[in-house]
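The sequence and structure come next.

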Amino acid sequence: VSDNLWFIGTANRDESTFEISDKVYDRAQIISLNRKGIPEGKYAKTEKKFISVEDLQALFTSAIQAFKHTDEVMDRLNSLDKTLMEKFDTSFGNRIVTQTIAFTAVFMAAGGSLEKALDYQISTKIIRKIITSDDEEALLELQAETLDYPETQRLLSKRINDLGR
């Protein structure tokens, strides 16, 4: 398989499917389509641009090597992991930590913020481990710890509201 071939797949998660294994989530970058897109008007035509896989990988490597927030990401993830272990008796592994650091580095190099990068990773890779919990008190504590992350807050609020019905 050549370096310029990437595998992209889809998996539906709804009432007609079985739960997807942790291994799948841990090894992939998840795109969740939770809301309908809203057109933002007309878009300007742009020229096609091509980049080699080598150049793309070099940009990723450069972003990761220049990343100055590794300790902050580690501190935030460690705090979250501690809460998950204490309140839900679950955790996430080193693979997710490593992916989150690399993702955050590239995300920020592309103009995004630390909080948005972490929110994306937490809401798609970490929160899914506990989102079916019935422990409202634990969910509320986790919600209080994740105030900087709007998508994570949305998912937790939805679960907490579902439990209250």
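R154 and E151 join their side chains in a salt bridge at 2.8 Å, N to O; the term means a side-chain nitrogen of Lys or Arg within 4 Å of a carboxyl oxygen of Asp or Glu. Both residues sit in helix α7, three residues apart, about one turn of the helix. Helices (H or I, at least four residues) are DSSP runs numbered from the N terminus. The model is predicted: local features need pLDDT of at least 70, side-chain atom pairs count only at pLDDT 80 or more, and totals for chains, interfaces and linings use all residues. Residues are numbered from 1 along each chain as its sequence is written, and side-chain values use heavy atoms, leaving out hydrogens and water.

The structure has seven salt bridges, including these:

| Pair | N to O distance |
|---|---|
| R154, E151 | 2.8 Å |
| E141, K87 | 3.2 Å |
| D148, R76 | 4.0 Å |

E141 belongs to helix α6 and K87 to helix α3, so this pair ties together parts 54 residues apart in sequence. E151 is buried at 16% relative accessibility, whereas R154 is partly exposed at 28% (buried is under 20% relative accessible area, exposed over 50%, partly exposed in between; 1.4 Å probe, protein chains only). D148 is partly exposed, at 47%, and so is R76, at 21%.

A network of salt bridges links E72, R76, E115 and D148. E72 and R76 are among the α3 residues that meet α5, where E115 is one of the partners; contact here means heavy atoms within 4.5 Å.

Key: Helices (H or I, at least four residues) and strands (E, at least two) are DSSP runs, numbered from the N terminus.
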